[in-house]
Amino acid sequence: MKRNYQIDTSFIINDHDLVEQIAFHEAGHAAAIYLCNKQKQLPPVFFQINIKALDRQQDSPLNTCLLTHDRFAAAVEGGRLIHSLPVALLENAHDLSLSDQTAYQTAFEADMINLLVGPLAEAKHVALRDDELFNARLVNLNALHNYGGSFDLEKVNEYLDIFIADRSRHPEKLAELFNKAFQFISSPLHWQAIERLARYILNNEENIISCEAAIAVLDQNKAMGGQMFY
């Protein structure tokens with residue numbers, strides 16, 4: 001899952017704010033991959049968070065380094081239940097049993113939701129930072145392009161092309177998936193988990209955050225006796 005950023009000359013964003021946005025974006029992806037999939041009783045999948053900061057001083061945490069917008073990148077590697085999109089359409093997979101079709105559909109939808117959570121998490125962070133309102137009307141699917149979501153939306157559309165042959169049905173399905181992603185980050189406990197992981201990313205001194213390390217941070221709610229609803 002790639003999160004990219006291009007400067008819009010109509011506004012100025014400082015490097016510290018941008019690095020924080022990227023951290024929340026990737027924390028959103030990782031939280032959804034682990035927590036959403038677990039709640040749906042889907043099989044665990046490997047992921048790791050790769051960080052590339054070309055101007056970063058050695059052994060310096062991200063929140064203290066000097067960066068320019070084109071010299072920092074972070075991405076969640078792995079994390080997909082459907083690793084390669086099949087040639088046959090899911091809705092035409094008549095050879096599968098009903099239970100297998102249901103499981104396959106759930107996995108497809110989970111991957112798409114997990115892709116959408118990343119830019120949504122970034123958008124929510126920006127709204128909270130700037131003391132602005134945040135709701136599904138103000139931040140819609142198209143607005144996700146403003147929060148590093150172009151790659152994520154491209155991947156979601158690729159999934160939909162395989163998932164649903166009739167493109168006229170895509171907007172309705174996209175709206176459904178977007179609402180589920182929005183529900184995920186609207187949960188206070190989910191948001192706390194995203195915040196914790198984002199701070200962990202920012203204070204990290206390595207170029208890779210392992211799956212185990214990220215899960216340990218996300219699982220801290222268990223120690224507090226919290227329950228998550230989605």
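Colleague: How many helices and strands does the secondary structure of the chain come to, and at what angle do H2 and H3 pack?

Modeller: This is a predicted model, in which local features need pLDDT of at least 70 and side-chain atom pairs count only at pLDDT 80 or more, while totals for chains, interfaces and linings use all residues. Residues are numbered from 1 along each chain as its sequence is written, and side-chain values use heavy atoms, with hydrogens and water left out.

The chain has seven helices and four strands, where helices (H or I, at least four residues) and strands (E, at least two) are DSSP runs numbered from the N terminus. Along the sequence, they follow the pattern β-α-β-β-α-α-α-α-β-α-α. Of the 230 residues of the chain, 49% are buried, a word that here means under 20% relative accessible area, with exposed meaning over 50% and partly exposed in between (1.4 Å probe, protein chains only).

To come to your part, H2 and H3 pack at an angle of about 165°, and their axes are 9 Å apart; the axes are lines fitted to C-alpha atoms over the stretch in contact, and angles run from 0 to 180 degrees between N-to-C directions. That angle makes H2 roughly antiparallel to H3, because angles over 145 degrees count as roughly antiparallel, under 35 as roughly parallel, 65 to 115 as roughly perpendicular and the rest as oblique.

The residues of H2 in contact with H3 include Phe108, Met112, Leu115 and Pro119, and those of H3 include Leu153, Val156, Tyr159 and Phe163, where contact means heavy atoms within 4.5 Å. By class, this contact of H2 with H3 has 11 nonpolar, one polar and four charged residues; Ala, Val, Leu, Ile, Met, Phe, Trp, Tyr, Cys and Pro count as nonpolar, Asp, Glu, Lys and Arg as charged, and the others, Gly among them, as polar.

Between helix H2 (98–129) and helix H3 (150–163) there is a loop, and Val139 has its place in that loop. Val139 is buried, because its relative accessible area is 7%. Leaving aside neighbours within four places in sequence, Val139 is in contact with Leu120, Ala123, Phe134, Leu144, Phe178 and Phe182. Val139 and Lys124 are 15 residues apart in sequence, and from C-alpha to C-alpha they are 8.8 Å apart in space.
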